[in-house]
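Trainee: I am new to this structure. Please take me through the disulfide and its surroundings in one close look.

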Amino acid sequence: MRSPSAADRRQRGSVTAEFAVTLPAVAIVLTVCLASVQLGGQQMRLQDAAGGAARSIARGESHADARARFSSLLPGAHFDVRWQGELVCVDAGASGSGLLAALTVTAGACSLAGGG
């Protein structure tokens with residue numbers, strides 16, 4: 001069995017150095033990807049809650065009841081109600097969470113007033 005040459009030892013050291021440099025970059029990319037998936041999930045929940053609030057108000061429920069249900073689904077989120085002719089529209093917003101807390105997620109939904 002031969003002993004490793006100096007070139008073999010240098011090559012092993014360079015592989016370790018390359019791994020040490022790329023590992024943080026891979027970790028950052030994975031973290032951003034996971035945070036983006038989380039933000040997408042929050043946007044979907046916000047869209048569902050806005051649709052539910054629009055349908056509730058269109059059926060004649062009070063704004064306070066719709067707001068209470070909305071707030072129980074998404075604490076910290078807010079919504080505004082606007083009327084467009086016979087449509088009740090709800091525009092909702094919430095700040096992101098985790099690493100993407102600086103971003104704001106928005107959603108909107110409309111429902112025909114008087115619908116059952």
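Mentor: Begin with the term itself: a disulfide is a pair of cysteine sulfur atoms within 2.5 Å. Keep in mind that this model is predicted. It holds one disulfide. The partners are Cys89 and Cys110, with their sulfur atoms 2.0 Å apart. The link of Cys89 and Cys110 is right-handed, with 110° about the S-S bond. It connects distant parts of the chain, as the two cysteines lie 21 residues apart. Cys89 sits in strand 2, residues 87-95. Cys110 sits in strand 3, residues 104-112.

Now look at the strands. Strand 2 and strand 3 pair over nine bridges, in the antiparallel sense. Cys89 has Cys110 in strand 3 as its bridge partner. So the two residues joined by the disulfide also face each other as bridge partners, given that a disulfide is defined by its sulfur atoms.

Next, accessibility. Cys89 has a relative accessible area of 0%, so it is buried. Cys110 stands at 44% relative accessibility, so it counts as partly exposed. The cut-offs explain this, because buried means under 20% and exposed means over 50%.

Strand 2 has a neighbour on its other pairing. Strand 1, residues 78-84, runs antiparallel to strand 2 and is joined to it by seven bridges. Here Val81 stands opposite Val90 of strand 2. Strands 1 and 2 form a hairpin with two residues between them. In that turn, Gly85 has a positive phi of about 65°.

Notes:
Residues numbered from 1 in each chain as written. Predicted model: local features only at pLDDT ≥ 70, side-chain atom pairs only at ≥ 80, totals over all residues. Heavy atoms only, no water. Helix = DSSP H or I, 4+ residues; strand = E, 2+ residues; numbered from the N terminus. Buried < 20%, exposed > 50% of the residue type's maximum accessible area, 1.4 Å probe, protein only. Pairing = 2+ DSSP bridges.
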